[in-house]
Amino acid sequence: MSTMRKTKGSGVMPAVMTFWNADESFNQKETERYIQWVLDCGAHSLSVTGSTGENISMSDDEQKKIIECLVKFVDHQVPIYPGTGKYGTAQTIEMTKFAQKCGAEGALVIMPYYLIPHKRAVVNHFKKLREAVGDDFDIILYNNPRFCGYQFEPIELKELAEQGIINGVKLADGRASYIQGMKHYCPDGITALYGHDYEPLPAFFAGADGWLSGLPGIFPKFCVDLFNLCTVLQDAPAARKLWDKMQDFIDYFITYSNNDPHWHEVFKYVLKCFGFNAGLPRMPLGDLLPEEKKKVDALLADMDVTIKATNLIK
């Protein structure tokens with residue numbers, strides 16, 4: 001295995017949605033139109049078929065078809081990272097090697113979930129994956145305690161990076177302190193991506209190399225502007241002022257106490273408001289209630305057009 005190196009992609013890496021037709025089949029044309037809009041808004045990298053892309057609702061054949069279509073469509077405009085993680089190591093290797101064959105720069109790989117394996121087994125899972133794909137392919141470990149029931153601490157991730165097993169980590173815990181921890185234990189050898197939506201400012205000022213989450217997939221221009229204010233211009237007052245315009249929306253859609261409405265339902269409705277035939281999330285999720293749509297409409301009406309970037313939608 002190689003020594004530490006960062007991923008080829010970083011910066012604002014929207015976790016994009018997958019659009020379905022009314023019969024829940026893949027709406028390739030509209031998904032591609034949406035992805036091009038995200039790229040036109042300045043996204044630095046891209047992640048497809050992740051949790052925001054509803055990979056858990058896909059058959060393996062369907063997921064492969066969508067990965068192949070979208071990697072081909074993006075065609076190296078930016079680095080692309082399909083979500084390929086499964087519970088089983090063999091299945092994860094199969095899906096990841098397929099993404100590699102399609103030409104992706106790397107993969108976003110969630111840790112084995114549901115049965116909550118012990119960490120020694122999870123480390124071996126990622127070792128086997130690295131052996132299968134070789135040293136040049138980026139592996140971003142998706143560190144998500146909510147979906148997996150456990151997470152790796154920064155000092156543990158350092159060990160994985162030093163062995164060349166992973167090149168990046170999506171820190172979906174949400175707390176900026178995890179970014180700070182990564183920068184303390186592994187300042188140069190791993191790409192640390194903020195992986196949630198409610199604390200990007202402190203995460204950027206703590207040194208995050210990028211932002212991989214769902215919000216950049218519906219407000220890409222806003223997220224790029226925020227990232228640049230924090231990391232390039234290092235203008236904290238301007239960044240706080242910009243974030244204030246998004247705070248009410250964040251407070252509305254993060255409903256983890258009861259998941260109602262679900263953020264997938266909110267995000268797809270927002271994209272419909274922006275002019276896309278986004279469809280609905282696959283069942284068991286569905287559409288927002290009429291009163292929920294009115295609430296989102298009111299939140300969007302209060303936002304500046306430059307945040308929504310509706311002027312860029314063709």
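Helices and strands are taken here as DSSP runs, numbered from the N terminus, and in this predicted model the run that forms strand S6, residues 168–171, contains Lys170.

Lys170 is buried but takes part in no salt bridge, the nearest side chain of opposite charge being that of Asp197, 7.9 Å away. Since a salt bridge is counted only when the nitrogen lies within 4 Å of a carboxyl oxygen, the separation of 7.9 Å from Asp197 leaves Lys170 without such a partner. The side chain of Lys170 instead reaches the backbone oxygen of Leu212, at 3.5 Å. Leaving aside residues up to four places away in sequence, the contacts of Lys170 comprise Leu108, Ile140, Leu141, Tyr142, Asn143, Leu193, Gly195, Leu212 and Ser213.

The sheet to which S6 belongs is open and has 6 strands, arranged in the order S1-S8-S7-S6-S5-S4 with parallel pairing. S1 pairs with strand S8 (residues 210–211) in the parallel sense over 2 bridges, and Val12 is placed opposite Trp211 in S8. S6 and S7 run parallel and are joined by 4 bridges, with Tyr194 of S7 as the bridge partner of Leu171. Strand S4 (residues 106–110) is paired with S5 over 5 bridges, again in the parallel sense, and Leu108 has Ile140 in S5 as its bridge partner.

Burial was examined on both sides of two of these strands. In S7 (residues 191–194), both faces are covered, with Thr191 and Leu193 buried on one side and Ala192 and Tyr194 buried on the other. In S5 (residues 138–143), 6 of the 6 residues are buried; Asp138, Ile140 and Tyr142 lie on one side, whereas Ile139, Leu141 and Asn143 lie on the other, and both faces are thus covered. Asp138 is also linked with Arg5 and Lys8 in a network of salt bridges.

Asp75, with a positive phi near 50°, follows H2. For H3, 14 residues should span 20 Å, and the end C-alpha atoms are 20 Å apart, which likewise agrees. Thr92, Ile93, Met95, Thr96 and Ala99 are buried in H3, and the packing partners of its buried residues are H2, S3, S4 and helix H4 (119–133). Gly103, which follows H3, has a positive phi near 110°.

Side chains of opposite charge can pair when their charged atoms come close. The salt bridges in the model number 14. One of them joins the side chains of Asp209 and Lys6, with an N to O distance of 3.2 Å; Asp209 lies in the loop between helix H8 (200–205) and S8, and Lys6 in the segment before S1, so that this pair links parts of the chain 203 residues apart. Asp209 counts as buried at 17% relative accessibility, since the limit for burial is under 20%, whereas Lys6, at 31%, is partly exposed.

A further salt bridge is formed by the side chains of Lys268 and Glu54 (3.2 Å, N to O). Because Lys268 belongs to helix H11 (residues 263–273) and Glu54 to the loop between S2 and H2, the pair ties together parts that are 214 residues apart in sequence. Lys268 is buried at 1% relative accessibility, and Glu54 is buried at 6%. The side chains of Asp60 and Lys86 also meet in a salt bridge, at 3.3 Å from N to O, which links Asp60 in helix H2 with Lys86 in the loop between S3 and H3, 26 residues apart. Asp60, at 35% relative accessibility, counts as partly exposed, whereas Lys86 is buried, with a relative accessible area of 14%.

Terms used. Residues are numbered from 1 along each chain as its sequence is written. This is a predicted model: local features need pLDDT of at least 70, side-chain atom pairs count only at pLDDT 80 or more; totals for chains, interfaces and linings use all residues. Side-chain values use heavy atoms; hydrogens and water are left out. Buried means under 20% relative accessible area, exposed over 50%, partly exposed in between (1.4 Å probe, protein chains only). Lys and Arg count as positive and Asp and Glu as negative; His and the chain ends are not counted. A polar contact is a pair of N or O atoms within 3.5 Å; within protein, one must be able to donate a hydrogen and the other to accept it, and residues adjacent in sequence count only if both atoms are side-chain atoms. Contact means heavy atoms within 4.5 Å. Two strands pair if DSSP finds at least two bridges between them. The expected span of a helix is 1.5 Å times one less than its number of residues.
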